[in-house]
Amino acid sequence: MTRGARVLLLGPYVLLLAVFFTVPLLLMLAISLSRQSFGQLEWTLTPQHYIHFFTDAYYLGVLADTLWLGAITTVVSLLLGYPLAYHLALTRSRWKPLLIVFILSPLLVGIVIRCYGWMILLADRGLINATLVQHGWLTTPLPLMYNKFGVTVALVHVFLPFMVLSLTGVLKRIEPQLIEASQTLGASPRRAFFEVTLPLSLPGILAGSLLVFSLAISSFVVPILVGGFKVHVLPMVVYEQMLSVFDWPFGAANAFVLLLISVALIAVYIKVTERALRGIV
Amino acid sequence: MILRVSVGLVYAFLLLPMVIVVLAAFNAGNYFTFPPQGFSLKWFANFFQRREFMQALWLSTELAFWTAVASTVIGTAAAIPLVRGRFRGRDLLNAFVTSPLLLPQILTGVALLQFYTLLKMQASYGALLIGHIVVTTPYVIRTVTATLTHFDLALEEAAQSLGAHPVRAFFEITLGVIKPGVVAGAIFAFAISFDNFTLSLFLTSAKLTPLPIELFAYLKYSFDPTAAAVSAFAIGVALVLVLGIARFMGLEEFTGF
């Protein structure tokens with residue numbers, strides 16, 4: 001393939017990305033270092049918005065809550081996703097395509113719809129509470145929504161497919177002979193799992209966890225709809241600063257803090273996966 | 001046995017909210033309770049009669065269509081040198097072209113909003129379309145790359161040694177073989193664009209609202225099952241699209257396992 005053909009084929013997308021992705025992100029960095037007075041941007045190089053963020057107890061609390069929710073979501077997704085991925089990697093069932101549809105379809109159903117499903121289930125007058133109250137098993141509804149519990153449930157639901165896809169890719173590549181060999185040598189199935197399968201699937205565990213964590217800390221639809229603006233997370237602060245308060249420099253600084261965390265996670269993710277994962281995520 | 005039961009429970013958890021939304025859409029009552037209060041299509045009727053939902057549905061369909069067309073052409077073209085080319089910096093370029101996929105979309109959204117506003121291009125159809133193309137093209141590159149890696153270059157060489165021009169060899173041989181990946185990529189790009197919320201939120205206005213944004217706005221003020229009818233409709237669209245991907249590429253190939 002000649003150089004000219006390469007440029008012709010790759011050029012359009014690289015150019016599009018440079019203009020409508022890289023430049024806007026650099027602009028966001030510049031805005032986060034600028035000042036705003038009466039709605040006008042003044043191009044400066046001031047760290048004041050970052051200092052504001054890292055010295056204000058409210059924003060530090062938001063950051064801590066964001067990371068904490070991300071961590072819980074990751075751990076729960078791993079615990080729920082591992083058995084699913086293990087089963088999917090080994091199964092020879094003729095229903096396997098259907099199982100893949102089950103895992104993929106939540107990915108293709110919009111996030112607003114999935115949150116709405118949880119709202120119907122978890123609201124004070126939602127399906128769970130209404131059914132419990134109607135049958136007289138409860139007098140007051142359980143607080144299932146507009147709190148961290150509801151947000152965590154919905155976050156796990158939204159990001160679980162990414163964990164399953166990451167894990168299945170790795171689990172499928174483990175040679176079955178290795179497990180058979182360990183059992184021939186006298187290991188119990190349980191021991192074979194903990195000493196062969198689990199260690200060999202570590203790259204998948206790490207990759208899936210990084211992906212889910214990075215997606216979970218940047219989600220704001222779930223905290224807004226299922227959290228009802230009561231669970232404050234960093235992306236929600238960005239959203240409010242940009243679209244309600246209109247404080248662009250501070251909003252951009254918040255976004256950049258989130259970006260730095262994501263980029264750090266992505267860098268590790270790329271290192272971990274190398275070419276081990278060739279899926280849709 | 002324990003594995004099977006727990007796997008079944010997790011699948012139930014994955015599907016539960018979608019099943020509930022669909023049931024609520026066909027339920028007669030204002031609130032969805034158990035047992036259901038009878039079958040009704042009135043929420044669907046309301047969805048199809050409301051102008052704002054119909055306009056949003058049309059906008060989303062049109063936007064997803066043009067996004068799919070553009071990102072399929074650009075993405076397929078880009079995938080070829082990324083798989084076949086032997087040049088310095090290929091790995092770096094590979095990481096660069098897939099970066100919109102890895103970066104949280106809220107950041108792309110915020111950055112594009114500021115960029116467009118400074119250029120006085122905000123909340124325009126073109127601006128929204130470009131944003132969608134930026135985030136869907138990496139998916140096309142992924143699916144095309146997956147099929148292109150299995151492609152036997154000897155086929156193309158045979159065509160060329162039989163006298164075909166390289167460009168003709170590409171269109172008649174290569175494109176025919178990688179078609180499953182291209183079509184699956186196009187369908188996936190359509191689906192991602194049709195359901196996109198996060199990026200769209202920053203690039204829309206009162207006059208330019210795709211369906212997910214309209215639904216979000218509706219949910220902020222009312223809780224009635226018209227939203228469920230809208231959602232059930234979108235779930236139906238997603239299912240059709242998944243079946244399309246399964247038909248053209250096969251889901252095991254598509255997901256990489």
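Two residues are in contact if their C-beta atoms, placed from the backbone, lie within 7 Å. The structure is a predicted model, in which local features need pLDDT of at least 70, side-chain atom pairs count only at pLDDT 80 or more, and totals for chains, interfaces and linings use all residues. Residues are numbered from 1 along each chain as its sequence is written, with chains lettered from A and ligands numbered from 1 in the order in which they are written.

**Exercise 1.** Determine what share of the contacts in chain B between residues at least 6 apart in sequence join residues at least 24 apart.

*Solution.* Take the contacts in chain B whose residues are at least 6 apart in sequence; 75% of these join residues at least 24 apart.

**Exercise 2.** Classify Leu93(B) as buried or exposed, or in between.

*Solution.* Step 1: a residue is buried with 20 or more other C-beta atoms within 10 Å of its own, exposed with 12 or fewer, and partly exposed in between. Step 2: Leu93(B) has 18 C-beta neighbours inside 10 Å and is therefore partly exposed.

**Exercise 3.** Describe how helix 5 (residues 111-122) and helix 7 (residues 148-171) of chain A cross.

*Solution.* Step 1: helices are DSSP runs (H or I, at least four residues) numbered from the N terminus. Step 2: the two axes, lines fitted to C-alpha atoms over the stretch in contact, with angles from 0 to 180 degrees between N-to-C directions, come within 10 Å and cross at roughly 140°. Step 3: helix 5 of chain A is therefore oblique to helix 7 of chain A (under 35 degrees is roughly parallel, over 145 roughly antiparallel, 65 to 115 roughly perpendicular, the rest oblique). Step 4: the contact includes Trp118(A) of helix 5 and His157(A) of helix 7.

Definitions and conventions: Helix = DSSP H or I, 4+ residues; strand = E, 2+ residues; numbered from the N terminus.
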